Amino acid sequence: MSDESLWYLDAVFYELNVRAFFDHNTDGHGDLRGLTQKLDYLKDLGVDAIWLLPIYPSPLLDDGYDIADYYSIHPDYGDLEDFKTFLNAAHQRGMRVITDLVLNHTSDQHRWFQSARNGRGDPYHDYYVWSDDDQKYAQARVIFLDSEQSNWTWDESAQRYYWHRFYSSQPDLNFDNPDVRDEMFKVAKFWLGMGVDGFRADAVPYLFEREGTNCENLPATHAYLKELRHFIDLYYPGRILLCEANQWPKDVRKYFGEGDEFHMGFHFPLMPRIYMAIRKGDVSPLIWVMDQTPPIPDNTQWSTFLRNHDELTLEMVSEEERQWMWEQYAPDPRMRLNLGIRRRLAPLLDNDRRKIELAYSLLFTLPGSPVIYYGDEIGMGDNIWLDDRSGVRTPMQWSNDNNAGFSAAPFESLYSPLIDEGEFSFSKVNVSQQEQDPNSLLNWIRKLLCIRKQNPAFGQGNLQILPCENMSILAFLRESKQQTLLILHNLSPETQRFTLDLTQFQGLNLVGLLQVENSVLISTPEYHFELPSRNYQWLNLIDE
């Protein structure tokens with residue numbers, strides 16, 4: 001593979017919901033033309049790739065993950081010409097675009113399912129998974145515990161049960177049917193032909209079902225995904241597949257194959273442990289999860305994040321840890337959803353700038369390509385009184401003007417209420433004000449992303465955690481062929497003094513990356529540091 005085709009190893013991704021970003025045509029919904037107008041903002045932030053949540057026609061019962069047509073654009077967002085214009089504009093600015101490829105299921109409003117309900121004789125009936133009773137695949141867990149009692153739902157028209165791993169309005173496709181497998185190749189080909197730079201593949205562990213298993217991570221699933229990867233490499237080199245598999249690292253490791261399945265995979269278990277470590281002031285959760293993280297092929301990359309469009313999932317923690325996380329971060333039951341927490345980054349961290357910076361510093365320095373969720377770069381809040389996960393999907397806050405500068409539509413026409421009260425009100429938290437403040441969170445993140453891009457060890461360097469007796473200190477090296485970086489984090493609310501064994505670096509100089517300061521010679525095997533409360537240092541080890 002060429003260096004250019006490995007662009008994702010160093011990339012910073014930005015996840016956004018088109019509906020929530022910027023409204024061009026004043027109908028109260030964000031749209032593709034509005035997004036195109038804001039591309040310079042994303043470029044200035046330091047974004048390399050934009051990840052769009054589903055933009056397809058949909059009843060929007062699951063914010064677009066219930067797809068009714070794979071080959072078009074939801075009319076609220078525009079049309080295919082608007083998408084092409086946006087895509088070209090992003091590419092002109094050197095940014096790539098990935099879209100959601102929802103393989104596992106469709107909306108029950110999709111024409112395939114509507115036809116399938118006619119019964120066994122219909123050509124689309126076998127596009128879905130049916131049964132005459134609801135006893136098959138009993139070992140498969142129910143994922144949306146708050147809303148679904150079973151993975152089977154009775155269909156009165158078909159007089160059979162259909163299978164769904166998520167909402168009952170999202171019937172699962174039958175990947176044992178070769179026609180379905182071919183259909184999804186056609187979908188991928190359509191959007192790749194349009195020019196998208198890859199896909200975030202949704203809910204991939206659940207594609208196939210087998211009796212006597214939990215219907216997750218099955219060999220048939222991996223076989224199909226390898227076929228999809230081969231197809232993309234053959235006809236669309238340089239495009240990527242990003243795996244959404246909320247699994248343990250050892251299970252996600254299988255989705256990388258030998259560098260021949262997914263290019264990238266989300267590291268779900270790391271995310272809650274960042275919050276655990278910050279609240280406890282103890283690095284143990286982070287060291288533990290990194291110890292559980294196996295090596296991956298050189299042409300693959302972890303995708304890391306602090307928050308996203310879903311709940312902060314607590315599936316990959318113990319029951320005791322889950323209860324502790326709920327107590328610490330979601331004391332109000334309205335803050336909880338399924339096995340997770342439906343809150344944004346800033347409210348989770350008490351809108352404490354030091355904690356927020358600490359979390360971002362961990363995200364930007366640990367292995368992986370970071371994903372920023374729209375609005376978190378300015379510290380947007382959430383609305384726990386909205387249903388489901390809508391509370392973390394409110395309109396982007398551009399200014400303190402009418403409707404937060406998001407839309408010129410009447411307030412009552414907005415797709416979602418604005419956050420207009422309290423410390424996270426758009427009058428207090430918005431892009432316009434932060435752009436004018438050199439010390440704002442937005443400008444701080446711009447600075448860190450700029451520094452990250454200038455230091456290749458962050459994207460492609462290996463990780464070596466350094467022993468430290470002080471359990472409030474996370475010290476590690478990021479080493480690549482070009483450089484070695486020493487990264488320090490103090491998770492404690494108090495100043496910490498500590499010693500590291502830097503014998504192997506005697507004679508080198510420590511140079512700070514985050515601020516202008518004199519280099520310091522490492523002249524003794526043991527080097528003494530002092531870090532203020534919840535502080536961090538990025539240091540370059542160089543021979544001067």
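## H13 and H15, side by side

In this predicted model, helix H13 (residues 353-365) and helix H15 (residues 441-453) pack at an angle of about 20°. Angles under 35 degrees count as roughly parallel, so H13 and H15 are roughly parallel to each other. Their axes sit 11 Å apart, and the crossing is right-handed.

Who does the touching? On the H13 side, the contact is made by Arg353, Ile356, Glu357, Tyr360, Ser361 and Phe364. H15 brings Leu441, Trp444, Ile445, Leu448, Leu449 and Arg452. Sort the residues of this contact by type and you get eight nonpolar, one polar and three charged.

## H9 meets H11

Now for another pair: helix H9 (residues 270-280) packs with helix H11 (residues 319-329) at an angle of about 65°, with the axes 11 Å apart. The crossing of H9 and H11 is left-handed.

From H9, the residues involved are Pro272, Arg273, Tyr275, Met276, Arg279 and Lys280. They meet Glu321, Trp324, Met325, Gln328 and Tyr329 in H11.

Helix H7 (residues 219-235) has 17 residues. From its first C-alpha to its last, H7 reaches 25 Å, close to the 24 Å expected at 1.5 Å a residue.

Which residues of H7 are buried? They are Thr221, His222, Tyr224, Leu225, Leu228, Arg229, Phe231 and Ile232. As for what they pack against, the buried residues of H7 have strand E3 (96-102), helix H6 (178-194) and strand E8 (240-243) as partners.

Definitions and conventions: Residues are numbered from 1 along each chain as its sequence is written. This is a predicted model: local features need pLDDT of at least 70, side-chain atom pairs count only at pLDDT 80 or more; totals for chains, interfaces and linings use all residues. Side-chain values use heavy atoms; hydrogens and water are left out. Axes are lines fitted to C-alpha atoms, for helices over the stretch in contact, and angles run from 0 to 180 degrees between N-to-C directions. Helices (H or I, at least four residues) and strands (E, at least two) are DSSP runs, numbered from the N terminus. Angles under 35 degrees count as roughly parallel, over 145 as roughly antiparallel, 65 to 115 as roughly perpendicular and the rest as oblique. A crossing is left-handed if the near helix is turned anticlockwise from the far one by less than a right angle, and right-handed if clockwise. Contact means heavy atoms within 4.5 Å. Ala, Val, Leu, Ile, Met, Phe, Trp, Tyr, Cys and Pro count as nonpolar, Asp, Glu, Lys and Arg as charged, and the others, Gly among them, as polar. The expected span of a helix is 1.5 Å times one less than its number of residues. Buried means under 20% relative accessible area, exposed over 50%, partly exposed in between (1.4 Å probe, protein chains only).
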